[in-house]
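Student: Let's walk through this model together, please.

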Amino acid sequence: LIQWKSAELSVILSHCHYHYPLLSGLAGISVSALYHYPLHGTLIHLREQIHLALSSSDCFTKLPSEMAIVSRLQTLLVRGFEPNERLEGIFCEGNESKRLTTYFGFTPLQILVAAAKEVQLFKSSSQKEKGAEYGQAVKNIMEIIHSCAKTLLEKGARVNIPPPPATRLDRGTPPGCYSLNDAMDGTKNTLVPNVNRDGLNKLDNKQILTLLGGADRLKAPQKLFGSSLPKSVDSAGTLQFGTTSRDSVAPGGSDNSSCAVCWSEFGLISNRKHLCRASGRYVCNDCSTKRLLENGTEQRITDGLFNLATFEKNTVSGTQKNQVSSRIASACYAASRMDMKSTSGGSSTSTSDRNRSYLGLSSSSASSAPDKKEQRNLSATERITSAISGLGQAKDAVLERGAKLEGLAEKTEALN
């Protein structure tokens, strides 16, 4: 999703299902993980472009404009992509998946901090050699980083989240995803070096705020989401509510031990476990500070879904609401079918085996006798590949329509 401009991205997302429950064979996966973490991907791409720009003065012209990248972030944030979600895994093979997995455990804001730290180190070591013009270019890069940080903070991103861990408590690598070690080994010879994870471990909150523009500059954006926005928003009728959660080994999946968004460990007294009523994931209080009003009743939802609900309250038409409701109904039906299939073999089926079934993977005990009907169905990877192909076709259609409109405008001008 990071390859499209904001206007194109809005059109593409209007044809995607990003409301829970998700239309996916990966039961319990988060919307960010399903679409390969587009918030993270946008900022990873920015970090890489910055590195190339600092390595060669000819590359400064290839940096994305400040307005373009901020607009892209805003488009994603108001569609419910969590501002504080850590990257857990990419359910896909290839070098691109390895590249993204090297940022395992990072939140979007922490990727920005890593980029800002690298610019700071470059500035202190090379500015005298490069001259004033180069110094101004570095200043422009920092302005882009500061604007991105402001945009994230306005939508609920937090500075005080611990540094990226190498694991999510006692969870293993999600099935079908690369481990962090495999990803690091597979990306050693790329043009852009892997991010310095150890460097972030040494930064405190004050240093982070300084890198992102300073405490004074960022105070207003932080306050906007924390106290200036209302604590609750009326429902637009596009979110489906539930009262149960399902443990899942999928990326971004829920479990009883840690927050599905920021991975903070749950406790009996402090940092208690809460249920997001819309996504069905267990989350901490810090990641679910807002509420959604449904028929006068407050429902706890994640901060990302609060952004989505606020956006849809002001923009969703009756037709769009019906489309979303139809997609949600299809997703609920598909989820119920998977539940029936996972329990049809008897109550002895383990949670691990059920999760592997949801992910399109066979348990070791059943691998010797695969179901013929299942063989005819597309695998989860193939479904994702098909969806990505469909997005590409939709993008081409958008561009073709834009070209036709531009030609029509030229003909109209000629007639006048």
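Student: Starting with Leu-152: buried or exposed?

Tutor: Leu-152 counts as buried, because its relative accessibility is 0%. Buried here is under 20% relative accessible area, exposed is over 50%, and partly exposed is in between, with a 1.4 Å probe and protein chains only. Bear in mind that this is a predicted model, where local features need pLDDT of at least 70 and side-chain atom pairs need 80 or more, while totals for chains, interfaces and linings use all residues. Numbering runs from 1 along each chain as its sequence is written, and side-chain values use heavy atoms, with hydrogens and water left out.

Student: Which helix does Leu-152 lie in?

Tutor: Helix α7, which covers residues 132–154. Helices are DSSP runs of H or I with at least four residues, strands are E runs of at least two, and both are numbered from the N terminus.

Student: And what is Leu-152 in contact with?

Tutor: Setting aside neighbours within four places in sequence, Leu-152 is in contact with Leu-43, Leu-77, Pro-108, Leu-109, Leu-112 and Ala-157. Contact means heavy atoms within 4.5 Å. There's also Pro-221, 69 residues away from Leu-152 in sequence but 8.5 Å away in space, C-alpha to C-alpha.

Student: OK, helix packing. At what angle do α3 and α4 pack?

Tutor: About 165 degrees for α3 (residues 38–55) and α4 (residues 66–77), with 10 Å between the axes. So α3 runs roughly antiparallel to α4. The cut-offs: under 35 degrees is roughly parallel, over 145 roughly antiparallel, 65 to 115 roughly perpendicular, and the rest oblique. The axes are lines fitted to C-alpha atoms, for helices over the stretch in contact, and angles run from 0 to 180 degrees between N-to-C directions.

Student: Which residues meet there?

Tutor: On the α3 side they are Pro-38, Leu-39, Thr-42, Leu-43 and Leu-46, and they meet Ile-69, Arg-72, Leu-73, Leu-76 and Leu-77 of α4. By class, the α3–α4 contact has 8 nonpolar, 1 polar and 1 charged residues. Nonpolar means Ala, Val, Leu, Ile, Met, Phe, Trp, Tyr, Cys and Pro; charged means Asp, Glu, Lys and Arg; the others, Gly among them, are polar.

Student: What about α1 and α4, how far apart are their axes?

Tutor: The axes of α1 and α4 are 9 Å apart, and the packing angle is about 20 degrees. That's why α1 and α4 are roughly parallel to each other. Ser-6, Leu-9, Ser-10 and Leu-13 of α1 make the contact with Ser-71, Arg-72, Thr-75 and Leu-76 of α4. The α1–α4 contact has 3 nonpolar, 4 polar and 1 charged residues.

Student: Which residues of α1 are buried?

Tutor: In α1, residues 6–14, the buried ones are Ser-6, Glu-8, Leu-9, Ile-12 and Leu-13. Down the axis of α1 they fall within an arc of 155 degrees, so they line one face of the helix. That arc is taken over the directions from the helix axis to the C-beta atoms.

Student: Changing topic: what does His-40 touch?

Tutor: Not counting residues up to four places away in sequence, His-40 touches Glu-85, Arg-86, Leu-87, Phe-106, Thr-107, Pro-108 and Ile-111. His-40 is in helix α3, and at 2% relative accessibility it counts as buried.

Student: Where is Thr-107, then?

Tutor: Thr-107 is in the loop between α5 (95–101) and α6 (108–130). Thr-107 is buried as well, at 1% relative accessible area. Its contacts beyond four places in sequence are His-40, Asn-84, Glu-85, Arg-86 and Ile-161.

Student: Backbone next. Which residues does the cis peptide bond join?

Tutor: Tyr-20 and Pro-21, with omega about -5 degrees. Pro-21 is in the loop between α1 and α2 (31–34).

Student: And what is the phi of Trp-263?

Tutor: Positive, about 70 degrees, although Trp-263 is not a glycine. Trp-263 is in the loop between β1 (232–234) and β2 (274–275), and counts as buried at 6% relative accessibility. Leu-169, not a glycine either, has a positive phi of about 50 degrees. Leu-169 is in the loop between α7 and α8 (180–186) and counts as partly exposed at 36% relative accessibility.
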